[in-house]
Amino acid sequence: MDDSSRRRALLDKIAVGLSGLCLLHCLLLPFVVALLPFLGQLENDHMHKELLVFVIPVSVIALTVGFRRHGQASVIYWGAAGLIILIIGALVVHDLYGLFADRAMTITGSFVLAFTHFRNFRLAKKDLQSIPQ
């Protein structure tokens, strides 16, 4: 595996991890709040905007590098769809429709983005294995 392939694989892994963090944040926060009443004020805390600062650049770089390797445009389309869902959830839905709608959008966007990064990783790895040495 050459240096650029390792960097691309690392970016995909980081992006999947960040998507997973978004997912865990949305799924676990209600349980944490329910179990720890003195932290009830955290229910309205909104971390999604801050996470987007990391998720967007890592995802864009990882998906672009992977696309250059394997050429499957669907990875770009699905990645963009996942990011758009996350962005709309964090910037629009949270304020207009509340926490539940925001979480639903974040969970959906995180699943789409995580699956896309997984697929991007697999396609690029498959493409590397098909190159004669």
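This is a predicted model: local features need pLDDT of at least 70, side-chain atom pairs count only at pLDDT 80 or more; totals for chains, interfaces and linings use all residues.
1. The lining of the largest cavity consists of Cys22, His48, Leu51, Leu52, Leu86, Ala90 and Thr106.

2. His48 and Thr106, both in the lining, count as polar. Leu51, Leu52 and Leu86 are among the lining residues and count as nonpolar.

3. Which helix gives the most to the lining of the largest cavity? It is α2, with three residues. The helix α2 covers 48–70, and the lining includes His48, Leu51 and Leu52. The helix α3, at 73–97, also supplies at least two residues; Leu86 and Ala90 are in the lining.

4. The volume of the largest cavity is about 40 Å³. How many cavities of 30 Å³ or more does the structure hold? There is one.

5. As for the overall fold, the protein chain has four helices and zero strands. Read from the N terminus, the order of elements is α-α-α-α.

6. Contacts between residues at least 6 apart in sequence were also counted for the protein chain. Of these, 80% join residues at least 24 apart.

7. On burial and surface: the protein chain has 133 residues, and 38% of them count as buried. The chain exposes about 8,000 Å², and carbon and sulfur atoms supply 70% of that area.

Conventions
Residues are numbered from 1 along each chain as its sequence is written. Side-chain values use heavy atoms; hydrogens and water are left out. Buried means under 20% relative accessible area, exposed over 50%, partly exposed in between (1.4 Å probe, protein chains only). Contact means heavy atoms within 4.5 Å. Accessible areas come from the Shrake-Rupley method with a 1.4 Å probe; for residues, only the protein chains shown count as cover. On a 1 Å grid over the protein atoms alone, a cavity is a set of points where a 1.4 Å probe fits but cannot get out, and a pocket is an open set with protein on both sides within 12 Å along at least five of seven lines; lining residues have an atom within 4 Å of a point. Grid points are joined across faces, edges and corners, and a volume is the space filled by probe spheres set on the points.
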